[in-house]
Amino acid sequence: MKRFQVHVSVEDLAQSVRFYSTLFSTQPTVLKDDYAKWMLEDPRVNFAISTGSGEAGISHLGIEAEDESELAEVYDRLARAERPIVEAKATTCCYAKSDKQWIADPQGVRWETFLTYGESTVYGEGSLAKLKEVSEAACCEPEAIRQAAPEPAAAAACCAR
């Protein structure tokens, strides 16, 4: 079963951890100096917060797959959405190793779809610059949607930092 993901950029991690731990009535599953994550079952959501990613507020939304078949199903939906997609295979992001695709909705809200298959001791590298670039190009050039080339994994999209 897929899990909804919400990632919020915060200014004060400790204060936000206290708030969300109270709201969710549980401590984070992952807690780092710049990042915290709750894997909640009710509601079924991967809720993450981090510092250092610019303006406070919603960073991005997502759908986390539990296996390759769910990931393929969501990737297929994204392909039919007729929006630019940035693919990031074997990427390190948010202290995890994952395969991802990024897309922005018509309002510019960033979405990631991903399958996590391991942990990492580092937050990760990369940015959403390629997604922004191909999304802006697609605004004026519909052909850019079909032409958007995936970024290499080392410089691939990751949680905005």
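Reply: Start with a definition: helices (H or I, at least four residues) and strands (E, at least two) are DSSP runs, numbered from the N terminus. The model here is predicted, so local features need pLDDT of at least 70 and side-chain atom pairs count only at pLDDT 80 or more, while totals for chains, interfaces and linings use all residues. Residues are numbered from 1 along each chain as its sequence is written, and side-chain values use heavy atoms, with hydrogens and water left out.

Me: Where is E82 found?

Reply: Look in the loop between α2 and β6 (85–93). E82 is exposed, with a relative accessible area of 59%. The cut-offs are these: buried is under 20% relative accessible area, exposed is over 50%, and partly exposed is in between (1.4 Å probe, protein chains only).

Me: What is phi of E82 near?

Reply: Most residues other than glycine have a negative phi, and most peptide bonds are trans. Phi of E82 is near 55°, a positive value in a residue that is not glycine. A90 also has a positive phi, near 50°. A90 sits in strand β6. A90 counts as exposed, at 54% relative accessibility.

Me: Which peptide bond is cis?

Reply: The bond from D42 to P43 is cis, and its omega is near 5°. Find P43 in the loop between β3 and β4 (44–50).

Me: In what order do the 8 strands of the sheet come?

Reply: Strands of a sheet pair through backbone hydrogen bonds, either parallel or antiparallel. Two strands pair if DSSP finds at least two bridges between them. The order here is β2-β3-β4-β1-β5-β8-β7-β6, in an open sheet with mixed pairing. β2 (30–31) and β6 are the edge strands, and each pairs on one side only.

Me: How many bridges join β1 to β4?

Reply: There are 6, and β1 and β4 run parallel. For one spot to look at, V6 stands opposite F47 in β4.

Me: How many salt bridges does a search of the whole structure find?

Reply: A salt bridge is a side-chain nitrogen of Lys or Arg within 4 Å of a carboxyl oxygen of Asp or Glu. The search finds 8. One of them pairs E73 with K2, the closest N and O atoms being 3.5 Å apart. E73 lies in helix α2 (residues 68–80) and K2 in the segment before β1 (3–9), so the pair ties together parts that are 71 residues apart in sequence. E73 is partly exposed at 34%. K2 is partly exposed at 25%.

Me: How far apart are the closest N and O atoms of E112 and K100?

Reply: They are 2.5 Å apart, in a salt bridge. This pair links distant parts of the chain: E112 is in strand β8 (residues 110–119) and K100 in strand β7 (residues 96–104), 12 residues apart.

Me: Are E112 and K100 buried or exposed?

Reply: E112 and K100 are both buried. Now look at E87 and K89, a salt bridge with its closest N and O atoms 3.4 Å apart. E87 is partly exposed, at 22%. K89 is partly exposed too, at 40%.

Me: Which residues are linked in a network of salt bridges?

Reply: R3, E41, R44 and E66 are linked in that way.

Me: How much space lies in the largest cavity?

Reply: Rolling a probe the size of a water molecule over the atoms shows where empty space is left. On a 1 Å grid over the protein atoms alone, a cavity is a set of points where a 1.4 Å probe fits but cannot get out, and lining residues have an atom within 4 Å of a point. Grid points are joined across faces, edges and corners, and the volume is the space filled by probe spheres set on them. The structure holds 1 cavity of 30 Å³ or more. The largest cavity has about 100 Å³ of space.

Me: Which residues lie nearest the centre of the largest cavity?

Reply: Y35, N46, C94, F114 and T116 do, out of 13 lining residues. β3 (35–41), β7 and β8 each supply at least two residues of that lining. The lining divides into 6 nonpolar, 4 polar and 3 charged residues. Here Ala, Val, Leu, Ile, Met, Phe, Trp, Tyr, Cys and Pro count as nonpolar, Asp, Glu, Lys and Arg as charged, and the others, Gly among them, as polar.

Me: Where does E11 lie?

Reply: E11 is in the loop between β1 and α1 (13–24). E11 counts as exposed, at 74% relative accessibility. E11 and G52 are 41 residues apart in sequence, and 7.7 Å apart in space, C-alpha to C-alpha. Leaving aside its neighbours within four places in sequence, E11 is in contact with T51 and A56. Contact means heavy atoms within 4.5 Å.

Definitions and conventions:
1 Å grid on protein atoms, 1.4 Å probe; cavity = no way out; pocket = protein on both sides within 12 Å on 5 of 7 lines; lining within 4 Å.
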